[in-house]
Amino acid sequence: MEQSDRYKYREWPVDASTDRVSDAAPVSEETVADEETDAGSFSRWMLPAVLFVLTVFTTLWAGAYQAYSGTVRGPVNFLLQYPETLWNGMPFAGTLLFILVTHELGHYVLSRIHRVPASLPLFIPGPPHFIGTFGAIIRMRGPIMHRRALFDIGVAGPLAGFVVAMVALLIGLNLSTVVDRTSTYGLQLGEPLLLQIMSWMVIGPLPPQADVVLHPIGFAAWFGLFVTSLNLIPIGQLDGGHVAYALWGSRQRTMALAILPVLIVLGMAGWAGWFVWAFMAGIWGIGHPPVIDPSTPLGRGRTIVGWIALAVFILTFAPVPFSFH
């Protein structure tokens, strides 16, 4: 547990020749305000359905390409030569989409409960070189009236997706294999505290020269944890921004200002993707816009759930999510 980067996905023999895996990161979970209250049938039903079908295809493609152990170069050549193997991506794609759908439905259902008009989840297909998707968004078509609604809508997605990712990680770790790290190389995954704890419980202590090669279900679960941690960063209109503003009001902006230099330092010291997140935070806005009625108290129960969300963020956060060696 004390050694870093013990977990990898898609490993190869040292003398193998294959494509490098890209460091693409998904689009974060973001709620987009929209003044429209009367969406057309296409944007309400057809667009979410079309985007979801496309995302099913691209994640299947990504999962099958990851599972392929041959020497074909690039996912396009792989699909053209071996289209019949597309279904081999089912374990990865099914797990990842189940986590993401659960996350988005958490937002959607709570939006309906609080009578806030919202679109169905809009999934964004991505290139199959890595995971095949940039995540999903939900568009809000009306204002959030009070802090309780903001809190419930913001926290429901990450916690719902987190529960599913936990179960998937337990299954994935049981199906994963331990290998000698001196004989393979591949995409090394960052180790959030939760992964270290669950790996120790399921696999046991690892020898110094050992790596865990995650099963596709385990890799999808790991990515679900990564997405959860990204969304719980308390900046702007990320889920974490919703939760922080509902809990602490204007102090959320102070928290966000303190986190920005941390992201920049992490970008310099480890994963360059944190520079992108810091830049995007400036575009989205660091502070959270006010709700119409900011005086509504959250109550003790929601405050406890808020602290649970903070604990989830700490347990799922990896300072260096990806490296390749």
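Trainee: How close do the axes of helix 7 and helix 10 come, and at what angle do they cross?

Mentor: In this predicted model, the axes of helix 7 (residues 239–248) and helix 10 come within 11 Å and cross at roughly 140°.

Trainee: What makes the pair of helix 6 and helix 10 oblique?

Mentor: The axes of helix 6 (residues 216–231) and helix 10 cross at roughly 125° and come within 9 Å. Roughly perpendicular ends at 115 and roughly antiparallel requires over 145 degrees, so helix 6 and helix 10 are oblique to each other. Helix 6 also passes helix 10 in a left-handed crossing.

Trainee: Why is helix 7 described as mostly covered?

Mentor: Buried means under 20% relative accessible area, and nine of the ten residues of helix 7 are buried. Among them are Asp239, His242, Val243, Tyr245 and Leu247. Helix 7 is followed by glycine 249, whose phi is positive, near 60°.

Trainee: How do you know that aspartate 152 and arginine 302 form a salt bridge?

Mentor: The criterion is a side-chain nitrogen of Lys or Arg within 4 Å of a carboxyl oxygen of Asp or Glu. For aspartate 152 and arginine 302, the closest N and O atoms are 2.9 Å apart, so the pair qualifies as a salt bridge. The pair links distant parts of the chain, with aspartate 152 in helix 4 (residues 147–175) and arginine 302 in helix 10, 150 residues apart. By this rule, the count comes to one salt bridge.

Trainee: Are the two partners, aspartate 152 and arginine 302, buried or partly exposed?

Mentor: Aspartate 152 has 11% relative accessibility and counts as buried, because the limit for that class is under 20%. Arginine 302, at 25%, counts as partly exposed, because partly exposed covers values between the buried limit of 20% and the exposed limit of 50%.

Trainee: Which residues make the nonpolar surface patch?

Mentor: The patch, of about 730 Å², is made by Leu193, Ile197, Trp200, Met201, Trp307, Leu310 and Ile314. Helix 5 (193–202) and helix 10 (300–316) each supply at least two of its residues. The largest share, four residues, comes from helix 5.

Trainee: Why is leucine 310 called partly exposed?

Mentor: Leucine 310, found in helix 10, has a relative accessible area of 34%. That value lies between 20% and 50%, so leucine 310 is partly exposed.

Trainee: What makes arginine 115 exposed?

Mentor: Exposed means over 50%, and arginine 115 has 77% relative accessibility, so arginine 115 counts as exposed. Arginine 115 lies in the loop between helix 3 (90–113) and strand 3 (122–125), and has a positive phi of about 60° although it is not a glycine.

Trainee: Why is arginine 181 called partly exposed?

Mentor: Arginine 181 has a relative accessible area of 24%, which lies between 20% and 50%, so arginine 181 is partly exposed. Arginine 181 is found in the loop between strand 5 (177–180) and strand 6 (184–189). Its C-alpha atom is separated by 5.2 Å from that of alanine 210, 29 residues apart along the chain.

Technical notes. Residues are numbered from 1 along each chain as its sequence is written. This is a predicted model: local features need pLDDT of at least 70, side-chain atom pairs count only at pLDDT 80 or more; totals for chains, interfaces and linings use all residues. Side-chain values use heavy atoms; hydrogens and water are left out. Patches are made of residues with over 30% relative accessible area and no salt bridge: like charges are joined within 9 Å, nonpolar side chains (Val, Leu, Ile, Met, Phe, Trp, Tyr) within 5 Å. Accessible areas come from the Shrake-Rupley method with a 1.4 Å probe; for residues, only the protein chains shown count as cover. Buried means under 20% relative accessible area, exposed over 50%, partly exposed in between (1.4 Å probe, protein chains only). Axes are lines fitted to C-alpha atoms, for helices over the stretch in contact, and angles run from 0 to 180 degrees between N-to-C directions. Angles under 35 degrees count as roughly parallel, over 145 as roughly antiparallel, 65 to 115 as roughly perpendicular and the rest as oblique. A crossing is left-handed if the near helix is turned anticlockwise from the far one by less than a right angle, and right-handed if clockwise.
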